Amino acid sequence: MKVYPPEKIRNVALVGHSGAGKTTLAEALLYRAGTISRLGRVEEGNTVTDFDPEEHERGHSLSLALAPIEWNGHKINIIDTPGHTDFVADVYAGLHAADLAVFVVSATDGVEVGTERAWRAAEELGLPRMIFINKLDKEEASFDRTLESLQERFGAGIAPIELPIGEGPSFHGIADLFTDKAYIYDSGSGQEAEIPEELEAKEHEVHDNLVEGIVVADDDLLEKYLEGEVPGVEELEETMAKGVASGSVFPVVCGSATGPIAVDRLADFILEIGPSPLRRQKLVVTAAGNEVEIDLRSDGDPLVQVFKTIADPYVGQISLFRVLSGKVTNELVLHNQRSNGDEKLAKVASMVGKESELVDSLPMGDLGAVAKLNDTATGDTLSVKSQPITAPPLRRPTPVLATAIHAKTQADTDKLANALRRIQQEDPVLIIDRNAETHQTLMRGMGETHLTITQQRLSRKFGVEVETEPVRVPYRETISRRAQAEGKYKKQSGGHGQFGVAMLKVEPTQRGNGFEFVDEIKGGSIPRQFIPAVEQGIRETMVDGGVLGFPVVDVRVRVYDGKYHSVDSSEMSFKMAGRLGFKAAMSEANPIVLEPVSQITVSVPSNYQGEVMGDLSSRRGQVQGTEASSGGRQMITALVPTSEIISYAMDLRSITQGWGSFTAEHDHYQELPSHLTDKVVAEAKEDD
Ligand SMILES: Nc1nc2c(ncn2[C@@H]2O[C@H](COP(=O)(O)OP(=O)(O)OP(=O)(O)O)[C@@H](O)[C@H]2O)c(=O)[nH]1
Ligand SMILES: [Mg+2]
């Protein structure tokens, strides 16, 4: 691929709901540009950007992929992103690397959850946006209905610049509202034609609306317009491009990716209206802990940020990056601020799906790839050593669903740690941690699909088989009244015996106060040196589990008397006496189970508020409050037992058809209702 200067580059992220047609559109653009000679189909698993076996299996994109095309003397870096909720991190990464977001919206379904989620993300980044209404060839397609849902959701900035000619099976072209020309697609590229009569009236009306919508954005243009001077096509496009660049105007074009119909027009508009990387002149970075604004210059020092990492079973780690400033050439050595190590970009390449094509250099604003960096992760910045700066981080969603994993065989166990490390390099959202209380290794992700895919990738890419098991709730236990008991450990059957007696009183302390050991021994009934052993025995029992089997918390233990033997007593005997005495005292002190309670914040469109609150109450939750938030959404905060929200991520998705999202964090422990105790204790015993 030729090297293009920044002003001739367009970085475009295709975003939108799952199934809207992003991958198919990327394929159609590659085909129209002549990069590929055969149009692949998602159903056949032969598209350029859905190259993972798991993607073929599911017919969905699961991670972002690049598809650069050469178009009319320009390079358009297409970033195909996944629409599935679980893989939103790659939407954020794609938007982070792009200068324009193209929202692919199906003309049969209109605005959906994935559209809105990506829109909010692009809005937060202040990213220019345009819309491609796709699938106009489908039976139940409706351009007007889709446009309405767009204007309803995203407001007045939505500006149609094309109208479809025909709809459903009769869809065969578009009318361009700038040029008042039609483009008919009977085969291959669009043939220019006059606007069909039946569309003329509507076209004129929408054309006028468009012109008015544009001139109000520019005072000079408005003045001339009010004097009766209608701006020309170029002036209109220029002014619209300004509105797009400022994030106030969102042009709407349309077509069919499977046709393909009018995708070439989309590529043209991306060049005419879409911003180049020069849109970013400055960047606020972090240097030595301070925020500083730097100039991004094509002749500046090379500055690179990695926005995606691919763990390729053959090549190893591949890092996809954007050249933020300067130029990247082969053999360039840059410094990674996070890992504080040098990285040699031995061979830089341009990725087309899974294929990499070596290039001589990459100018500012371009997207590229490099393999086998030492220790560079997604989001890392590489800069010249003399300029230790870090670019703004990629947005990272918080995992909402966990599963417990264990290796299938011993052989898998040996490979597991390394495989998990490598898969996390590719998937920075994934969190793997060990719960010391429940002795489980937990894998946290964005949803069931994410966790299942990870398991499949562990097997396919790293040859490690893992099995999953339900996540155990970290219950605890404590006591609810005072009690006392004797712990006696006696073994005196020849040889060195063991003897120790500890008299213990136990009492509950304030919730969250933890453990307190009080030494009330008088007169040396237990020799000084053995008292810590009593405490240690108690502490070990608390960790291993009390009479109900859970770690013990919030108790005060007083050791007030004891017995010892001058020969047979030892630390060991008094540790055991402590253990036995404590367990005996606990069983007299009406032990209770404590359950973890999470604070949960649920964000939903207000029409789901009632249902979500009802559902939370049915999970023994206490709603603490609701608050209106942007986009007609409600924030509901509640305290809910953690055991009731283990699979909340999936439940909320089905209650709210995917429109809801939530965060949860541990808040406190509370007494488990007695009617649940037996079941919880029995289940824990089974798990042991
Ligand atoms: N009739 C028709 N079908 C289309 C069109 N575009 C895409 N499709 C079909 O819609 C389905 C989904 O297409 P994809 O390209 O995988 O959609 P996507 O947006 O990439 O979906 P995710 O990868 O899940 O985010 C496939 O069966 C496509 O063949 C179109 O313009 N017309
Ligand atoms: Mg896709």
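Let's start with R460 and D52, whose side chains form a salt bridge with an N to O distance of 3.4 Å. The two partners come from distant parts of the chain, 408 residues apart: R460 sits in helix α11 (residues 448-462), while D52 belongs to the loop between α1 (22-32) and α2 (53-58). Please keep in mind that this is a predicted model.

How exposed are the two ends of this pair? R460 is partly exposed, at 33% relative accessibility, whereas D52 is buried, with a relative accessible area of 7%.

## Other salt bridges

The count for the model is 46 salt bridges. One of them joins E116 to R120, with the closest N and O atoms 2.8 Å apart. Both residues belong to helix α4 (residues 113-125) and are four residues apart, about one turn of the helix. E116 is buried because its relative accessibility, 7%, is under 20%, while R120 is partly exposed at 28%.

K224 and E235 also pair up, and their closest N and O atoms are 3.0 Å apart. K224 is partly exposed, with a relative accessible area of 29%, and E235 is partly exposed with a relative accessible area of 29%. Elsewhere, a network of salt bridges links R482, E507, E516, E520, R556 and R558.

## Where domain 4 meets domain 5

The domain assignment divides the chain into domain 1 (6-199 + 251-277), domain 2 (282-383), domain 3 (401-469), domain 4 (477-589) and domain 5 (595-687). For domain 4 and domain 5, the C-alpha centres lie 39 Å apart. Their contact takes four residues from domain 4 and five residues from domain 5.

Together, domain 4 and domain 5 bury about 360 Å², 71% of it on carbon and sulfur atoms. On the domain 4 side, R511, L548 and F550 supply 91% of the area buried against domain 5, more than any other three residues. By class, that side has three nonpolar, no polar and one charged residues. Across this interface the rule finds zero salt bridges and zero residue pairs in polar contact, with both residues at pLDDT 80 or more.

## A look at L416

L416 lies in helix α10 (residues 410-426) and is buried, with a relative accessible area of 13%. Beyond residues up to four places away in sequence, L416 touches A407, V464 and V466. A502, by contrast, is 86 residues from L416 in sequence and 45 Å from it in space, C-alpha to C-alpha.

Methods
Residues are numbered from 1 along each chain as its sequence is written. Chains are lettered from A and ligands numbered from 1 in the order in which they are written. This is a predicted model: local features need pLDDT of at least 70, side-chain atom pairs count only at pLDDT 80 or more; totals for chains, interfaces and linings use all residues. Side-chain values use heavy atoms; hydrogens and water are left out. Helices (H or I, at least four residues) and strands (E, at least two) are DSSP runs, numbered from the N terminus. Buried means under 20% relative accessible area, exposed over 50%, partly exposed in between (1.4 Å probe, protein chains only). Contact means heavy atoms within 4.5 Å. Domain bounds come from an automatic or database domain assignment. Buried area is the accessible area (1.4 Å probe) that two parts lose on being put together, summed over both. A salt bridge is a side-chain nitrogen of Lys or Arg within 4 Å of a carboxyl oxygen of Asp or Glu. A polar contact is a pair of N or O atoms within 3.5 Å; within protein, one must be able to donate a hydrogen and the other to accept it, and residues adjacent in sequence count only if both atoms are side-chain atoms. Ala, Val, Leu, Ile, Met, Phe, Trp, Tyr, Cys and Pro count as nonpolar, Asp, Glu, Lys and Arg as charged, and the others, Gly among them, as polar.
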